Amino acid sequence: AKAKANRAIKEKATATMPPSAKRPRSKFKVDLSGHGGRYEDVVDDMKPSRKNDEDIESDEDDDDDDDLNNVGHSGDDSEDSEEEETADSKRLRMAREYLDKLEAQESSSEGESDLDNGASDDDEDGAPVDKVGKRIAKERLRKSGLLQSRIADSVLEGIQSMQSSIADSSQDKSAEACAKLWINAKYVTYLRGHDLTPTCVSLSQQGTKAFSGAKDGSVIMWNVQDGTKTTILPPIKDQYAANLTDRNEREILAIATSDDDRYLAIGGRDNCVRIFDTRTLGKSTSSPLTTMEGHKKPVTALAFRSRSLDLYSGSEDRCIRRYDLNAMTYVETLYGHQSPIVAIDCANKNRPVSIARDRTVRVWKVEEDSHLVYRGGGDVGSAECITAIQDGWFVTGHDDGRLLLWKEEKKRPVGDVIKAAHGQENGVARSVISCGALGLSDVLATGSSDGYLRLWKVNTDGKDAGITPLESIPVHGYINSIVMGP
C-alpha cells in the first residue's frame, strides 16, 4: 500500500510539471578538433524516454542552435587567446604600453616648446632624435643618482627677484651695507658660536645639518632650519688659552661628511683624522669612533668619494692617505706632490683631484696606481681651492685671482680663463680663497675678501665649455670655505 501511494504521488507530480520541465536536459559539448559543437542529450531516469517524445521541427529551434554554436565559438576564441599569451609576450606587451605612454608624455611636454622655437625632431647631423631613449636614459641616471641638473638659469632668476624685493634707499653702496640689507630681508643668516675664525664647513646630504670647524679647536653642528647649535668639540679655554702653542695644536683645518649622513671626518694641526658618528652627536658622549694616525704634519684637506665611504686626507707632509670607513681601516698612501697639499675633492669615480703649493693639479687613478699632472701655465699662480663638478670636470681658484675649468682628457684649461674673478685691490687681483659646486649641476660659487659670494655658470658641453658669471650675494668679510647643498 505504501509503494502504491509513492507511485501515485510521483505520477501526479509528473502530470503537474510544465512542458518545458518535462523536456530532456541538454548540455553543450565542445569539439576542439572540429569546427563547432554538438548537442548530447541527457535523460534522467525519472523522465520518459526520448523515443516516446514527438519531434517537432521548427525554425526557432534552428536559430537557437545557431546562436548557441556562435556563443561556443566566441568563448572558445577568448579562452584560446588567454592561453596563448605567455610570460614573455606579456612582458613585451607591457613594455610596448610603457613606451607608448612615454611617447605620449614626451610629445605633450615638448610639443608646445617645439612649435614656439621651431625645433625639429632631427639632430645636427640630420638623424632623428630618439626622445623615448633619452627619457629612459634620464630616468636611469636619476635613479642611480648621476643625473645632471641645469639650474643656473633658475638660480639667476631667484637671486634677481630677491634683489628687486630689497628696498635700498641709502647712499652707502659698500659690501657691508648691502650685506645688512640682505640680512634684514632674511635672505642671509649669520650663525655665531665659535670664539675664533671658522676655517671649514660641511653640509649633510639632506641639507638639514651643517658642521663647522674653527681656529679655537671647536666643532659645532648646526640645525639649518632654526639655527640651533650642538657643540661636538669644545674650544680651548681657561688655563690653555694663555698657551698659544696648545691652542694652535687643536686648530681645525678640514671637515667632511659622507653622502649617507653617517660619518663626520675632522682633521687639524694634531696630524690626525677623527671619525664621528653623526647619529650619536649631541648626546651625553661625543667621542670619536676612531682616530686615524699616520700623517706627519697637519691635515689640511678631507674629501669623501661621492656615494661611498672612501675617505681621502691631504696633509702638509705632501701625502694623500686613503681610508675605508666600511672597515674603519687605512688603505694606502698616494705620493706625487712636491709641496704641502692645499685641497682635495672627489666625484663619483674613484679618481680624486688635488692641488698643492707646487702649482700642479693632479688626478689620481687609484685603481691603476698612477696619476695625471696638470699645469696652468708659466704665469698662473698657485691654486688655493678646487672642486669637482662631475666625473672628469673640475674647477680651480688661484691666488692671482684666476678661475680655471679643467677637463680630465686635456692638459690645459678649457674655455676662457676668468681673470680677477673677485676684482682688484690696489691694482692687485684678489685671491680666490674658496670655491664650491653643487654636484652634478652647472652652478659654482667662489669666495674671496671683497665681501661678495659670486655665482658662476659652468658649461661642460663640447665647444661651448667654459665659465660665465651669474650674480653675486653680499657677504661681509672673508669667505674661507663654501659648501652647497639642496
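Buried means a relative accessible area under 20%, exposed means over 50%, and partly exposed covers what lies in between, using a 1.4 Å probe and protein chains only. Before we use that, a word on the source: this is a predicted model, where local features need pLDDT of at least 70 and side-chain atom pairs count only at pLDDT 80 or more, while totals for chains, interfaces and linings use all residues. Residues are numbered from 1 along each chain as its sequence is written, and side-chain values use heavy atoms, with hydrogens and water left out.

Let's start at Lys 419. This residue counts as exposed because its relative accessible area is 59%. Lys 419 sits in the loop between strand 22 (414-418) and strand 23 (424-425); strands here are DSSP runs of E at least two residues long, helices are runs of H or I with at least four, and both are numbered from the N terminus. Setting aside neighbours within four places in sequence, Lys 419 is in contact (heavy atoms within 4.5 Å) with Gly 401 and Arg 402.

Arg 402 is buried, since its relative accessible area is 15%. Arg 402 also makes a salt bridge with Asp 400, with the closest N and O atoms 3.3 Å apart. For a salt bridge, a side-chain nitrogen of Lys or Arg has to be within 4 Å of a carboxyl oxygen of Asp or Glu.

The structure holds 19 salt bridges. In one of them, the side chains of Arg 150 and Asp 461 meet at 3.7 Å, N to O. Arg 150 is in the loop between helix 5 and helix 6 (152-165), and Asp 461 is in the loop between strand 27 (452-459) and strand 28 (466-474), so this pair ties together parts that are 311 residues apart in sequence. Arg 150 counts as partly exposed because its relative accessibility is 45%, and Asp 461 is partly exposed at 42%.

Four strands make an open sheet in the order 3-4-5-6, with antiparallel pairing; two strands pair if DSSP finds at least two bridges between them. Its edge strands are strand 3 (198-203) and strand 6 (229-233), each pairing on one side only. Strand 3 is joined to strand 4 (residues 209-214) by five bridges, and Leu 203 stands opposite Ala 210 in strand 4.
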